[in-house]
Amino acid sequence: MFPELNNLLDTAPDRPEQGTLTLLCDAKTDGSFLVHHFLSFYLRANCKVCFVALLQSFSHYNVVGQKLGVSLTAARERGQLVFLEGLRSSVDIFFQAQEDPHPLQFLREANAGDLKPLYTFVKEALTPTDSGKAVWRCPVLLVDDLSVLLSLGVGAVAVLDFVHYCRATVCGDLKGNMVALVHESRDVEDEDNDILLNGLSHQSHLILRAEGLATGFCRDVHGQLRILRRQASRSTARQERSLTYQYKIQDKNVLFFAKGMSPAVL
Amino acid sequence: MAAAATCSPDAQGTGSKAASSRSNVTSFQRRGPRAGAADSGGPRLVSIAGTRPSLRNGQLLVSTGLPALDQLLGGGLAVGTVLLIEEDKYNIYSPLLFKYFLAEGVVSGHTLLIASAEEEPTDILQELPAPLLDDSCKKEFDEDVCKKIPESNVQMKIAWRYQLLPKMEVGPVSSSKFGHCYDASKKMPQELIETSKWHGFFLPEKISSDLPIESCSLAPGYLKLLQFIRNVIYEEGFDGSNPQKNILRIGLESVGSPLWGDDICCTENCDSSRSLTKFLYLLRGLLRTSLSACVITMPTHLIQNKAIIGRVKNLADTVVALESFIGSERETNPLYKDYHGLIHIRQIPRLNNLICDESEVKDLAFKLKRKLFTIERLHLPPDLSDTVSRSSKQGLADSAKLLGPGCGTMARGEKHLDF
């Protein structure tokens, strides 16, 4: 986790928020550093994490996690992390039919209907077992990323249904959190992706948007982060706030600064 | 010199349904021992010919066949990833890059897998460029440089700031096992081809016309190709089961063209719009779990639905686009007279890391000299005309617009802002 981002979001590992849906989107840049931040943040906060990783392998997240101070293999062994490695499972399920329903069952179908097996997998992973003692703080679902589901033949509405079901279960029933990454394509018209993005933006409590700079590539400032926070309760009269910061990604950390205040410029 | 880390079967996590029971070997392993590693046995250092670890994260890299391109990609092509080459309009220069990749595999002793819908793999193999020996390669390079600038090593007196600019052109890497130079005018000697091990996939042979409709929404050509690749990986042990480790170089030519049975190049709203992206995803899954590297050439300029191009780029790790000047008005533009086209590095992956080695030079042009294919930084010549004519100003403005926002791989800006 990046301490500066924690300050900007006003959270800390010992007091994470509960019941929120966080949307991460990136436009013209790579927003995966946000996924690594939230993964290490929730593991440090002692939450039970279910990570649906569709785009990269386990060892990729593990190596970056170790740079940020968490060990994914250790977390997986003690049961804190449930990791669905999409790339490896997709090969297994595509070439051999599995007996019991697999979360990525839709890969075998011509017109992928819905993501119900995936939702069942998430629900089983995050529902606390009946042992009685509460070991972990709150369940968290992390998805990287939802746009890949569109590439695999699932419709935008089916993905929105899946998010809705997960939000009802994870955020509503289990009082946990959900974080999902969606790519945004601004120069091409991708209708399905726009439907997905608009639908999710409407439901999320916190939107983190990583954008490229309007002026192009810069060595010292890698992009701009827009934070949009919506109040869950309508009772408070606070307006929706949108904050913009620029960032530079380093080997083990990400530096955030106000627009135009990059240390390279000052 | 080259080092890779492999790991023994990892411990099964409780409740993780998706853990594989086979020993997982991926190239995404950290070099050197890890503190508190849960894997029993720890990583062993194994060297495979023709590979080297990345300087940034210990990732295993193979050469693409062009040392200049290797440098732009951060050292080479990472094992387990896909390099997507967007073809130029008349498909003249992208087959060259394709053949360089395969020739590098022959010279390094890697196994090749060549798939094409148009040409027989045996014909492709016969046309590979011949490798240049180290000293003759240096001689070629020197004589070309001498023709251009006689005194390039003299201290610059007037434009001394330009001395500090990074020198883009990469000379031949002499006496190394990584990255060789190739002579595009000569063919690879037959005995060298015969020592190499290769598997060919020629689509018209593998597919019969009365194939039943597959139920999984992949075009039949892609399905057969995936099965073929998977069989090669498992039979030859590239997934780690073979103790003698070697790299499988997969070259797929013109994927996405109508010859593969895919109609994304024909219509905008096509039924099988997910076929190509699903194929790329499953290919990515196969590659990540094996010691292989893949180069795909794709005619993206033919794809009607632009949204698919965006999705394809997200699913490929490294994306390089070629834009040749042939047939465009730039061919006769005196500004580009030294070059044959532009090369854009659209995307570089961030593997095992938060950052990647992006090159700061965004304006790159390529040139096919008599023997060598070189990639250089695009320079605008100074405007030396006494009479300021409209045509030359127009050319400058066009090229300035070209150079303006750049093609930042990670951060791209608005198009209307140009400098």
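In what order do the 9 strands of the open sheet in chain A stand? In this predicted model, the order is S3-S2-S4-S5-S1-S6-S7-S8-S9, and the pairing is mixed. Strand S3 (81-85) and strand S9 (254-257) of chain A are the edge strands; each has a single partner strand, so one side of each has no neighbour in the sheet. On average, and with direction ignored, neighbouring strands of this sheet are turned by 20° against each other.

Strands of a sheet pair through backbone hydrogen bonds, in either a parallel or an antiparallel sense. Strand S7 (residues 223-229) and strand S8 (residues 241-249) of chain A run antiparallel and are joined by 7 bridges. Within chain A, Gln224(A) stands opposite Gln246(A) in S8(A).

In soluble globular proteins, nonpolar side chains tend to be buried together. Here the largest nonpolar core has 91 residues. Those with the most contacts inside this core are Leu141(A), Leu146(A), Leu252(B), Phe279(B) and Leu283(B). H8(A) supplies the largest share of the core, 9 residues.

Which residues does Leu283(B) touch, not counting those up to four places away in sequence? The contacts of Leu283(B) are Val82(B), Leu226(B), Ile229(B), Leu252(B), Cys294(B) and Ile296(B). One of these, Leu252(B), is also among the core residues with the most contacts.

Notes. Residues numbered from 1 in each chain as written. Chains lettered and ligands numbered in written order. Predicted model: local features only at pLDDT ≥ 70, side-chain atom pairs only at ≥ 80, totals over all residues. Heavy atoms only, no water. Pairing = 2+ DSSP bridges. Helix = DSSP H or I, 4+ residues; strand = E, 2+ residues; numbered from the N terminus. Axes fitted to C-alpha atoms, helices over the stretch in contact; angles between N-to-C directions. Core = buried A, V, L, I, M, F, W, Y, C linked by side-chain atoms within 4.5 Å. Buried < 20%, exposed > 50% of the residue type's maximum accessible area, 1.4 Å probe, protein only. Contact = heavy atoms within 4.5 Å.
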